[in-house]
Each structure stands twice: as structure tokens, then as C-alpha cells.
Amino acid sequence: MLLLEKYFALLSMLMVPVLYIITCSLFYLLLYKWKPQTFQAKKIQTQSLAPAQLRREISYTIISLLIFCVMGFVVYLLQRKGLSRLYFKLSDYGITYFIISILLMTLLHDTYFYWTHRLLHLRGWYGKIHIVHHLSSNPSPFTALSFHPVEAFIQAAITPLIVLVIPCHPIALSVFLLYMTVKNVLGHSGYELTGNYFSNSKFSRWRNSSTHHNLHHFYAKDNYGLYFTFWDRWMKTLRNKSDN
Ligand SMILES: [Zn+2]
Ligand SMILES: [Zn+2]
């Protein structure tokens, strides 16, 4: 049995929680504790982070991480029952598909996130569930998983969904989960850290920046996407800094 297959249950359950704990902590310490002066010019909203907000976000994040852990176990169960499309031998699909599968996972998650996020903004859902995430109108790295448990369940369900529909190697899935984590934490960091070259490139039009998601928290509407602006452009829900 391959080493990955042997320890897959552990990898599956702990991957997302460990990635989030490390990424949230590093971004928080760097931007809010160690070097706030260095990055001051890149802060999107100028007011400082209230300790009460941070305490609330960390409490909800702990519950969310437990839910992500349970969903990781669901992924393991799907694999054990032969219901997942995970494969463990790289040679089964080849290296080109390995790379394509990461892109497919990102596109599926972007679509899933956009439409579940739109759903969570409907009147009945917003006040009862999504409001927890929007209590942070000036987000911090710990806002990334500051969810009502129902929303945490909806967001964590992307991993079982992926392994059900996309043939993927556990390492490709891990690369995708790392990208997902960094993108989500960066989008809530409160800072726009991308340089001018990246911001002005022709691809930036389709990329969801930290500023986009920060505007979503400030206005509590528009900019529902996670990685890309496709869906926001197509559904006419895109808001730029210059819009009011
Ligand atoms: Zn958010
Ligand atoms: Zn929202």
C-alpha cells in the first residue's frame, strides 16, 4: 500500500485545519503585530482591528475548523467505500492531467462559492446565518473562517464534492487546498498586497483581489466570487473601489 493511501485518513482530516491555523496566524502576526508600519500604505480600510472582533472571529474559527475536520473524515469514508474519484498512482492519469485537475478544482470551487454565497445573501439566510461572517465589516485574517456552523458546513462540503466529481490525486488536492487557504486568508487580510505589475496585468481583470472581497464586507453586497471575477461580471454583481 502506498504511504499516501496508508495515512490518507489523517491527511484528509487535518489538512485544512492545519493550513488555516498556520496561514491565519502568519498573516495576522506579520500584518498586525510584527510589521504593521511596513504595510501601512497597503491597508484597505484605515481603522484598526478591535480586540473584541478578533476574539469573536477566533471562537467561530475553532468551530469551523472542527467542521472542516469532520468533512475531511467524510472524504476518507467516500474513498474507503469506493465512491470517490481519488487516485493514488500518479501514472494513472499522467502529469498533464495532474496540473489540469488543480485548475478544474479551482473552477468548480469558484462556481460553488459564488452561488452558495449568493444564496447566503438572500433575506432568510443572511440574517440567521451569513450575518456572523459579515459582523466583520473591516475583515482580518481570522475573518476567513469566521462562519455560523451552517455556513462552515456549506463551505467545507466543497472537498467531498470535489472528490465525488473530479478524478484527483491527493497531492493535487493538497495543492488546491493550500491555494484555497492562502487565497481566502489573503482576501480577508485587510491589506492589498499585490504589486503594481500584477494589478495592472491583463489577467488581473479576471482575478478577484483582496480589495474586491474587502468591498464585499464593507457594503455587504456585490463581489460574491472567491478566485475569479467571471461570475460577478456575468451576473453584473461586480463592484470596484470607484463605485459607490
Ligand atoms: Zn468574507
Ligand atoms: Zn457575503
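A nonpolar core is taken here as a set of buried Ala, Val, Leu, Ile, Met, Phe, Trp, Tyr and Cys residues joined through side-chain atoms within 4.5 Å, where buried means under 20% relative accessible area, exposed over 50% and partly exposed in between (1.4 Å probe, protein chains only). The model is predicted: local features need pLDDT of at least 70 and side-chain atom pairs count only at pLDDT 80 or more, whereas totals for chains, interfaces and linings use all residues. Residues are numbered from 1 along each chain as its sequence is written, chains are lettered from A and ligands numbered from 1 in the order in which they are written, and side-chain values use heavy atoms, with hydrogens and water left out.

The largest nonpolar core has 55 residues, and Y20, L86, M105, L173, F176 and L177 have the most contacts inside it. Two or more residues of this core are given by each of α2 (8-34), α3 (51-80), α4 (94-120), α6 (149-156), α7 (158-165) and α8. The largest share, eleven residues, comes from α2. Helices (H or I, at least four residues) and strands (E, at least two) are DSSP runs, numbered from the N terminus. Apart from residues up to four places away in sequence, M105 touches I162, I166, C168, A172, L173 and F176; contact means heavy atoms within 4.5 Å. In α7, the residues I158, T159, P160, I162 and V163 are buried, and the buried residues of this helix pack against α3, α4, α6 and α8.

Grid points are joined across faces, edges and corners, and a volume is the space filled by probe spheres set on the points. The structure holds three cavities of 30 Å³ or more, and the largest cavity has a volume of about 120 Å³. Its lining comprises 17 residues, of which S12, M15, T159, L173 and L177 are the closest to its centre. Two or more lining residues come from each of α2, α3 and α8, and α2 gives the most, with seven residues.

Two zinc ions, ligand 1 and ligand 2, are separated by 5.9 Å. Donors are N, O and S atoms within 2.8 Å of the metal (3.2 Å for Na, K and Ca); water is not among the atoms, so sites may look incomplete.

The zinc ion (ligand 2) is coordinated through NE2 by H117, H121, H130, H134 and H216, at 2.1 to 2.2 Å. These donor residues are spaced H-x3-H-x8-H-x3-H-x81-H. H130 and H134 both lie in helix α5 (residues 123-134), four residues apart, about one turn of the helix. H130 is buried at a relative accessible area of 1%, and H134 is buried at 7%.

Notes. On a 1 Å grid over the protein atoms alone, a cavity is a set of points where a 1.4 Å probe fits but cannot get out, and a pocket is an open set with protein on both sides within 12 Å along at least five of seven lines; lining residues have an atom within 4 Å of a point.
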